[in-house]
Amino acid sequence: MDILLFLLGLFLFLGSFLYLVITLIKKRFAKKNFLTLIASGFILMIVGLSMGVSSTEQASTPVKETSEEVESAELTEEEKLAQEEEAIAQKEAEEKAKLEEQKKAEEKAEQEALKKAEEQKLAAAEEMGLVAATISRVVDGDTVELSDGSKVRLIGVNTPESTTRTEKYGKEASDYTKSKLEGKEVWLQKDVSEADRYNRLLRIIWMELPSNVMDENEIKTKMFNADLVLNGYAEPSTYPPDVKYSEQFVKFAREARNQGTGLWAYGESGTTKGDLDQKEVAATKTVEPPKTQETTTTESEPAPACDIKGNQSGIYHVPGSTYYDRTKAEVWFCSVEEAEAAGYRAPKR
């Protein structure tokens with residue numbers, strides 16, 4: 001349509017111009033009509049030309065827009081992929097940070113719980129009169145040395161000798177104590193006395209912190225003094241005023257004796273001195289141990305009589321001394337050295 005208008009305008013313009021020329025020549029047409037035709041043709045020509053240009057622009061525009069849309073679509077797809085990758089990476093980073101934060105929170109909570117438990121443990125120990133200590137060395141079955149250099153003599157028990165002299169089952173008792181205590185963290189409990197005449201601390205040793213120091217099951221499973229007696233490595237040996245657990249030790253010793261456990265495999269008198277059933281041990285027996293037991297001696301002669309009396313005042317009396325016959329023996333010793341090592345002293349007269 002736009003082309004036709006352009007051609008029509010061009011035709012009118014050219015026709016009018018040609019007509020003008022002819023009329024001028026022939027002088028038959030008014031100048032006014034001529035000018036109207038020329039103007040009409042010119043206008044039609046301009047209108048047609050304008051419409052043609054507009055149509056051309058409109059025809060080319062969609063192609064351009066389509067190209068831009070395609071390019072825009074392609075860029076959007078790439079951007080979308082990049083955004084997805086970025087979103088995934090961000091999510092992973094957030095999850096990682098969350099896990100790390102959660103791990104730190106759990107570690108902190110665990111540390112706080114351990115700290116609180118340790119504080120409660122120390123508070124409970126303090127309330128029961130227990131003190132933490134480390135065993136650096138075992139001297140023998142019933143004597144140990146702490147990391148600060150002080151020595152501890154176990155209260156209420158007596159193991160066979162294995163230092164200055166050797167009694168049957170003495171080395172076994174010493175080795176057992178080493179296996180249980182050497183290098184270990186323990187809890188010490190004082191009864192009444194602080195130390196003996198040799199400056200050894202008199203203590204109960206707990207291998208684990210008890211919840212109740214007078215509960216029999218706790219005593220059996222956590223107290224080392226009781227453990228020695230229950231397993232036949234020691235006899236009860238009571239030295240007033242430290243008698244807090246004397247009844248339990250006697251009970252446990254009877255159980256071990258009835259079962260022939262440890263030193264009781266050598267007979268009803270065991271291999272060392274104690275005050276089980278308040279018996280007076282006249283001599284160390286020489287009964288051969290069962291084949292399953294190891295012994296540290298090969299002596300076949302009877303041991304010397306253990307006739308030194310120790311009374312509850314902590315004084316020992318040898319045969320022939322002034323008060324020997326009038327002294328009621330709380331415990332018997334085989335030598336002066338042994339009596340003094342147990343904390344007893346000689347009478348003043």
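Ring pairs join Tyr 169, Tyr 176, Phe 224, Tyr 233 and Tyr 266 into a cluster. The model is a predicted one, and a search of the whole structure gives 8 aromatic pairs. The protein chain has 349 residues, of which 35% count as buried. Its secondary structure consists of 7 helices and 10 strands.

**Aromatic pairs**

- Tyr 176 and Phe 224 are stacked, with 6.3 Å from centre to centre and 15° between the planes.
- Tyr 176 belongs to helix α3 (residues 170-181) and Phe 224 to helix α5 (residues 224-230), so this pair ties together parts 48 residues apart in sequence.
- Both Tyr 176 and Phe 224 are buried.
- Phe 333 and Tyr 344 form an edge-to-face pair, at 5.1 Å centre to centre and with 65° between the planes.
- Phe 333 is in strand β10 and Tyr 344 in the segment after α7 (336-341), so the pair links distant parts of the chain, 11 residues apart.
- Phe 333 and Tyr 344 are both buried.

**Charges over rings**

- Lys 309 places its charged end over the ring of Tyr 324, 4.5 Å from the ring centre.
- The charged end of Arg 197 sits over the ring of Tyr 198, at 5.6 Å from its centre.

**The β9-β8-β10 sheet**

- Three strands make an open sheet in the order β9-β8-β10, and their pairing is antiparallel.
- Each of β9 and β10 stands at an edge with a single partner strand, so one side of each has no neighbour in the sheet.
- Strand β8 (residues 308-310) is joined to β9 by 2 bridges, and the two run antiparallel.
- Gly 310 has Tyr 316 in β9 as its bridge partner.

**Thr 327**

- Thr 327 lies in the loop between β9 (316-317) and β10 (331-333).
- Its relative accessibility is 11%; buried means under 20%, so Thr 327 counts as buried.
- Neighbours within four places in sequence aside, Thr 327 contacts Lys 309, Asn 311 and His 317.

**Whole chain**

- Among contacts in the protein chain with a separation of 6 or more, 62% are between residues 24 or more positions apart.
- The accessible surface of the protein chain is about 21400 Å², and carbon and sulfur atoms account for 54% of it.

Technical notes: Residues numbered from 1 in each chain as written. Predicted model: local features only at pLDDT ≥ 70, side-chain atom pairs only at ≥ 80, totals over all residues. Heavy atoms only, no water. Helix = DSSP H or I, 4+ residues; strand = E, 2+ residues; numbered from the N terminus. Buried < 20%, exposed > 50% of the residue type's maximum accessible area, 1.4 Å probe, protein only. Contact = heavy atoms within 4.5 Å. Areas by Shrake-Rupley, 256 points an atom, 1.4 Å probe, with all protein chains shown as cover. Pairing = 2+ DSSP bridges. Phe/Tyr/Trp six-rings, centres within 6.5 Å; stacked < 30°, edge-to-face > 60°. Lys NZ or Arg CZ within 6 Å of the ring centre and 35° of its normal.
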